Amino acid sequence: MRKPLIAGNWKLNKGGKDALELSRRIKEGIGDILNVDVLICPPFTALAEVHEVTRDSPVKLGAQDCFYEMNGAYTGEISPLFLLDVGCEYVILGHSERRKYFAETGDIIGMKLRAAIGVGLYTILCVGEKSEERESGGAYDVVKTQLGGSLSDIPDDYIRKITIAYEPVWAIGTGKTCDPDVANEMHQFIREWTGKRFGYKIAEEMRILYGGSIKPENISSLIEKEHIDGGLVGGASLKAESFLEIIRTASEKNKLTTDKHG
Ligand code: PGA
């Protein structure tokens, strides 16, 4: 029984009033859809105000990153405790843009996972290969290394607070979506890896999201696959209409495939 999760990663967009407007429209638009979990991840500066909109609604709130220390002399960083304070339930960690522009390594991401889960946050750990790695046949090795790099030393019970997002880097923001069967195979591989490391029962229960150019037109063919349990949506989460359409489609599909999600 895996309930789908549709998560919006707003990245460096919608920082001020626009964040309030977008979150209001999403909250109003999801109406009585309860068979899909909906998460939005605005920039840090908008979190507290957006929480005023989303509190007492089914829309969950998350951040796009956090630091691995709780307090101290770390200029510019954000503690997982601060995220709790402003109403976050989730935090995205290890996004490929963080790996690329901020040199985040598996070790650092592992430390962030431990810190965030340690204070009670749910986490979305992003993994995914670059186009040259896919072309040279190295996609599985890359993802395996990323999983091992961040999850090897995580306490066993922490896995319950982890959702993994498979986001092939070549599909992010490019309009090129991964073929659903190819994505599903990678999701199955991630589930298998997690099963070996943490136990097969918990791996069966863990949600694995796909991310990379999700749009209203392609969510259906992705989410109908056995191991694809939702999406991490960038560009299409910045407009209420497209994000809501993705959510509605996921909800419809979930009704049709009750054997998959319960
Ligand atoms: P995209 O971004 O949907 O714009 O491709 C996805 C992500 O980076 O999480």
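Entry 1: The model is predicted: local features need pLDDT of at least 70, side-chain atom pairs count only at pLDDT 80 or more, and totals for chains, interfaces and linings use all residues. Residues are numbered from 1 along each chain as its sequence is written, and side-chain values use heavy atoms, with hydrogens and water left out.

For Ser-213, I noted a backbone N or O atom 2.7 Å from a ligand oxygen. In Glu-167, a side-chain N or O atom lies 2.7 Å from an oxygen atom of the ligand. Taken alone, the ligand exposes 280 Å², of which the protein buries 95% (Shrake-Rupley method, 1.4 Å probe).

I then listed the surroundings: 13 residues surround the ligand, and Lys-11 and His-95 are among the closest (a heavy atom within 4 Å). This shell divides into four nonpolar, seven polar and two charged residues; Gly counts as polar.

**Entry 2: Ser-23.** I located Ser-23 in helix α1, residues 17-29 (a DSSP run of H or I, at least four residues). Is Ser-23 buried or exposed? Ser-23 counts as buried because its relative accessibility is 0% (buried is under 20%, exposed over 50%, partly exposed in between; 1.4 Å probe, protein chains only). A polar atom of the Ser-23 side chain lies 3.0 Å from the backbone oxygen of Leu-20. Beyond neighbours within four places in sequence, Ser-23 is in contact with Trp-10, Ile-40, Val-50 and Val-53 (heavy atoms within 4.5 Å).

Key. Polar contact = N/O pair within 3.5 Å; in protein donor to acceptor, adjacent residues only side chain to side chain. Helix = DSSP H or I, 4+ residues; strand = E, 2+ residues; numbered from the N terminus.
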